[in-house]
Amino acid sequence: MEGATPQAQDVYDLKGLKCPLPVLRARKRLAGMGAGERLWLETTDPLAVIDIPAFCSEAGHRLIETAATDGGHRFLVERGAI
C-alpha cells in the first residue's frame, strides 16, 4: 500500500559504506531474520540503487519500496523463504 505507514520494521544504517559493503552487510543481517520479516536499509552509496535491487532479485528477497532521501536512499526489503 503506497503512502501507508508500514508495521514497525528495523532500520539498518548502512550510510557511509561503499560498494560492496552495503550488500554484504544486508545479506548477513537478512540471513539472521525469519522469512517474511522486513528491514529498512539506509544507504548513501550511489551504486546501492543498482546493487540492492539486484541482490534482492538474486537472493530471493522482495524489494517492497525504495525512496530517495537527503544524500542517499532507503530500501524496504522483505526476507525471502530461502
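**Opening view: Glu42.** At 14% relative accessibility, does Glu42 count as buried or exposed? Glu42 counts as buried, because its relative accessibility is 14% (buried means under 20% relative accessible area, exposed over 50%, partly exposed in between, with a 1.4 Å probe and protein chains only). The model is predicted, so local features need pLDDT of at least 70 and side-chain atom pairs pLDDT 80 or more, while totals for chains, interfaces and linings use all residues. Residues are numbered from 1 along each chain as its sequence is written, and side-chain values use heavy atoms, without hydrogens or water.

**View 1. The whole chain has two helices and four strands.** Helices (H or I, at least four residues) and strands (E, at least two) are DSSP runs, numbered from the N terminus. The order of elements from the N terminus is β-α-β-α-β-β. Of the 82 residues, 33% count as buried. The chain exposes about 5100 Å², and carbon and sulfur atoms supply 52% of that area. Accessible areas come from the Shrake-Rupley method with a 1.4 Å probe; for residues, only the protein chains shown count as cover. Among contacts (heavy atoms within 4.5 Å) with a separation of 6 or more, 64% join residues 24 or more positions apart.

**View 2. Four strands make an open sheet.** Their order is S1-S2-S4-S3, and the pairing is mixed. S1 and S3 are the edge strands. Each has a single partner strand, so one side of each lacks a neighbour in the sheet. From one strand to the next, the twist averages 20°. Two strands pair if DSSP finds at least two bridges between them. Strands of a sheet pair through backbone hydrogen bonds, either parallel or antiparallel.

**View 3. S2 meets S4 in the sheet.** The two strands run antiparallel. Six bridges join them. Look for Leu41: its bridge partner in S4 is Phe75.

**View 4. H1 and H2 lie across the strands.** Axes are lines fitted to C-alpha atoms, for helices over the stretch in contact, and angles run from 0 to 180 degrees between N-to-C directions.

**View 5. Thr43 sits in strand S2.** Thr43 is buried, because its relative accessible area is 1%. Which residues is Thr43 in contact with, leaving aside its neighbours within four places in sequence? They are Leu14, Lys15, Pro22, Ala48, Gly71, Gly72, His73 and Phe75.

**View 6. Lys15 and Glu42 form a salt bridge.** The structure holds five salt bridges (a side-chain nitrogen of Lys or Arg within 4 Å of a carboxyl oxygen of Asp or Glu). Side chains of opposite charge can pair when their charged atoms come close. For Lys15 and Glu42, the N to O distance is 3.4 Å. The pair links distant parts of the chain, 27 residues apart. Lys15 is in the loop between strand S1 (10–14) and helix H1 (21–31), whereas Glu42 is in strand S2 (residues 38–43). Lys15 counts as partly exposed, because its relative accessibility is 45%.

**View 7. Glu78 pairs with Arg38 in a salt bridge.** Their closest N and O atoms are 3.0 Å apart. Glu78 lies in strand S4 (residues 72–78) and Arg38 in strand S2, so the bridge ties together parts 40 residues apart in sequence. Glu78 has 18% relative accessibility and therefore counts as buried. Arg38, at 28%, counts as partly exposed.

**View 8. Glu78 also meets Arg62 in a salt bridge.** The N to O distance here is 3.7 Å. This pair links distant parts of the chain too: Glu78 in strand S4 and Arg62 in strand S3 (residues 62–69), 16 residues apart. Arg62 is partly exposed, because its relative accessible area is 48%. Elsewhere, salt bridges that share partners join Lys15, Glu42 and Arg74 into one network.

**View 9. Leu47, Val49 and Ile50 make a nonpolar surface patch.** The patch covers about 260 Å². Patches are made of residues with over 30% relative accessible area and no salt bridge: like charges are joined within 9 Å, nonpolar side chains (Val, Leu, Ile, Met, Phe, Trp, Tyr) within 5 Å. Ile50 belongs to helix H2 (residues 48–59). Ile50 counts as exposed, because its relative accessibility is 55%.
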